[in-house]
Amino acid sequence: MEFIVRGAHSTSSPVSAVIERQRALVLGGSSEARLLATRIAADQRLQGVISLAGRTSAPSPHDLPTRIGGFGGVEGLTRYLIEERISHVVDATHPFAARISANARAACAAAVAPLLVLTRPPWVAAPGDRWTEVADNAAAARALGDAPRRVFLAIGRQGVADFRVAPQHDYVLRVIEPPSADDLPPSCEVIFGRGPFALDDEIALMRDRRIEIIVTKNSGGALAYAKIEAARALGLDVVMIARPASGDAPTTHDIDAAMAFLAS
């Protein structure tokens with residue numbers, strides 16, 4: 001289901017009625033998207049809307065009118081770009097949101113709308129890190145090994161079912177929203193939290209839960225980095241899941257560059 005929630009900077013008239021300004025669609029889901037939305041809302045040259053997938057029931061607020069829900073694949077997104085007279089698209093989704101990113105590339109090509117990917121740089125192993133880098137969740141489950149271990153799953157609730165193939169481990173899964181009970185491995189403690197998390201708190205969590213190894217996605221950025229620092233401080237192994245291929249769209253890590261793109 002798709003609907004629009006008017007944000008603090010919206011007006012009573014439909015957003016598509018104002019066509020003299022550049023009209024941006026921001027595909028959100030990241031802290032970078034939120035920062036970009038604030039910059040767009042403050043720029044008189046631009047008008048925009050941010051779209052969220054709706055995977056959390058209480059998403060953090062944004063400074064642009066916010067659209068919740070899917071578009072209906074490539075065809076639906078293409079139609080939206082044309083009907084709403086979108087002049088520019090910024091893909092600022094989570095680095096692991098591969099499907100919507102692929103749909104954005106195809107839809108922008110079909111609608112002849114310029115696309116920019118705004119993403120955070122990935123983490124790079126530092127001295128003292130004990131990483132095993134893998135391609136996906138299935139490889140991460142294999143990398144845990146046969147011997148039972150205490151595993152901190154820092155992957156969110158999407159994909160946790162992939163670890164049911166390794167039921168010998170005791171898992172601690174941290175999520176924002178409750179996962180389906182059917183997706184959980186047999187021995188799995190679920191804890192709730194939304195970052196950023198402080199380093200001291202992450203160290204305390206891992207000591208309290210007697211964590212031996214961490215599984216995480218290479219999301220990059222500062223908000224979730226404390227668990228990597230905690231693993232380094234405690235000498236813990238980390239299974240690092242690599243990002244999916246990002247395609248050939250122009251990419252930046254810089255908000256100013258994204259703003260320049262939108263004003264072009």
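The model is predicted, so local features need pLDDT of at least 70, side-chain atom pairs count only at pLDDT 80 or more, and totals for chains, interfaces and linings use all residues. Residues are numbered from 1 along each chain as its sequence is written, and side-chain values use heavy atoms, with hydrogens and water left out.

The protein chain holds seven helices and 13 strands. Helices (H or I, at least four residues) and strands (E, at least two) are DSSP runs, numbered from the N terminus. The radius of gyration is 20 Å, close to the 18 Å that the globule rule gives for 264 residues, so the protein chain is as compact as a globular protein of that length. This radius is taken over C-alpha atoms, and the globule rule is 2.2 Å times the number of residues to the power 0.38. The C-alpha trace spans about 60 × 35 × 35 Å along its principal axes. Of the 264 residues, 47% count as buried. Buried means under 20% relative accessible area, exposed over 50%, and partly exposed in between (1.4 Å probe, protein chains only). Contacts were also examined (heavy atoms within 4.5 Å). Among those between residues at least 6 apart in sequence, 68% join residues at least 24 apart.

Helix 3 covers residues 98–111. Its 14 residues reach 20 Å from the first C-alpha to the last, close to the 20 Å expected at 1.5 Å a residue. The expected span is 1.5 Å times one less than the number of residues. Ser101, Asn103, Ala104, Ala107, Cys108 and Ala111 are buried in helix 3. They cover an arc of only 160° around the axis, which puts them on the same side of helix 3. The arc is that of the directions from the helix axis to the C-beta atoms. The face turned away from this buried side carries the exposed residues Arg99, Ala109 and Ala110. The cover over the buried residues of helix 3 includes strand 2, helix 2 (73–83), strand 5 and strand 6. Valine 112 follows helix 3 and has a positive phi, near 55°.

Helix 6 spans residues 226–234, with Ala226, Lys227, Ile228, Ala230 and Ala231 buried. These buried residues pack against strand 7 (130–134), strand 8 (150–154), helix 5 (199–208), strand 11 (213–217) and strand 12 (237–241). Just after helix 6, glycine 235 takes a positive phi of about 70°.

In helix 7 (residues 255–263), the buried residues are Ile255, Ala258, Met259, Phe261 and Leu262. They lie on the same side of helix 7, because they cover an arc of only 155° around the axis. Their packing partners include strand 2 (22–27), helix 1 (31–41), strand 3 (46–52) and strand 5 (88–91). Aspartate 254 caps the N-terminal end of helix 7. One of its side-chain oxygens lies 3.2 Å from the backbone nitrogen of aspartate 256.

Histidine 88 lies in strand 5. It counts as buried because its relative accessibility is 5%. Its side chain makes a polar contact with the side chain of serine 87 (2.9 Å). A polar contact is a pair of N or O atoms within 3.5 Å; within protein, one must be able to donate a hydrogen and the other to accept it, and residues adjacent in sequence count only if both atoms are side-chain atoms. A polar atom of the histidine 88 side chain also lies 3.1 Å from the backbone oxygen of serine 264. Not counting residues up to four places away in sequence, histidine 88 touches residues including Gln22, Pro114, Phe261 and Leu262.
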